[in-house]
Amino acid sequence: MSRIGKKIIDVPEGVNVAISESEILTSGPKGELSCENFSGTNVILKDNQISIEPVDESQESIQFWGIQRTLLNNNIICLLYTSPSPRD
């Protein structure tokens, strides 16, 4: 199981997330970014938190689970911060 995929993503105020079947669109103060919505994962937006779950226990779904979460989290961070890392 993916330790990265299990982590919940908090959606900060000022960032909007739109989930469609083929892509996830994020928009915020710095612009707009999108990433593919992989078929092996379910992306759930509830109460300004995003959780990602694998569709089944196949190897492909498990692999996409962690990468989907990482790509989406990076999009949200990029929309908020001007420096490459929020820790700078």
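The buried residues of helix 1 pack against strand 1, strand 3, strand 4, strand 5 and strand 6; contact here means heavy atoms within 4.5 Å. The model is predicted, so local features need pLDDT of at least 70 and side-chain atom pairs count only at pLDDT 80 or more, while totals for chains, interfaces and linings use all residues. Residues are numbered from 1 along each chain as its sequence is written, and side-chain values use heavy atoms, with hydrogens and water left out. Helices (H or I, at least four residues) and strands (E, at least two) are DSSP runs, numbered from the N terminus.

**Strands and pairing**

- Strand 3 (residues 23-28) pairs with strand 4 (residues 31-36) in the antiparallel sense over 6 bridges; two strands pair if DSSP finds at least two bridges between them.
- A hairpin of 2 residues joins strand 3 to strand 4, and Thr-26 stands opposite Leu-33 in strand 4.
- An open sheet of 3 strands, with antiparallel pairing, has the order 1-6-5.
- Strand 1 (9-10) and strand 5 (41-46) stand at the edges of that sheet, each with a single partner strand, so one side of each lacks a neighbour in the sheet.
- Strand 5 and strand 6 (residues 49-54) pair in the antiparallel sense over 6 bridges, and Val-43 has Ile-52 of strand 6 as its bridge partner.

**Helix 1**

- Helix 1 (residues 59-80) lies across strand 1, strand 5 and strand 6, running at about 160° to strand 6; axes are lines fitted to C-alpha atoms, for helices over the stretch in contact, and angles run from 0 to 180 degrees between N-to-C directions.
- The 22 residues of helix 1 should span 32 Å at 1.5 Å a residue, and the end C-alpha atoms are 33 Å apart, which agrees; the expected span is 1.5 Å times one less than the number of residues.
- Buried residues of helix 1 include Ile-62, Trp-65, Leu-72, Asn-75 and Leu-79; buried means under 20% relative accessible area, exposed over 50%, and partly exposed in between (1.4 Å probe, protein chains only).
- Asn-75 is buried, with a relative accessible area of 12%.
- Neighbours within four places in sequence aside, Asn-75 is in contact with Thr-26, Leu-33, Ser-34 and Cys-35.

**Aromatic pair**

- The structure holds 1 aromatic pair.
- The ring centres of Phe-38 and Phe-64 are 4.6 Å apart and their planes are at 5°, so the pair is stacked; rings of Phe, Tyr and Trp (its six-membered ring) pair if their centres lie within 6.5 Å, and planes under 30 degrees apart count as stacked, over 60 as edge-to-face and the rest as tilted.
- Phe-38 lies in the loop between strand 4 and strand 5 and Phe-64 in helix 1, so the pair ties together parts 26 residues apart in sequence.
- Phe-38 is buried, with a relative accessible area of 12%, whereas Phe-64 is partly exposed, at 26%.
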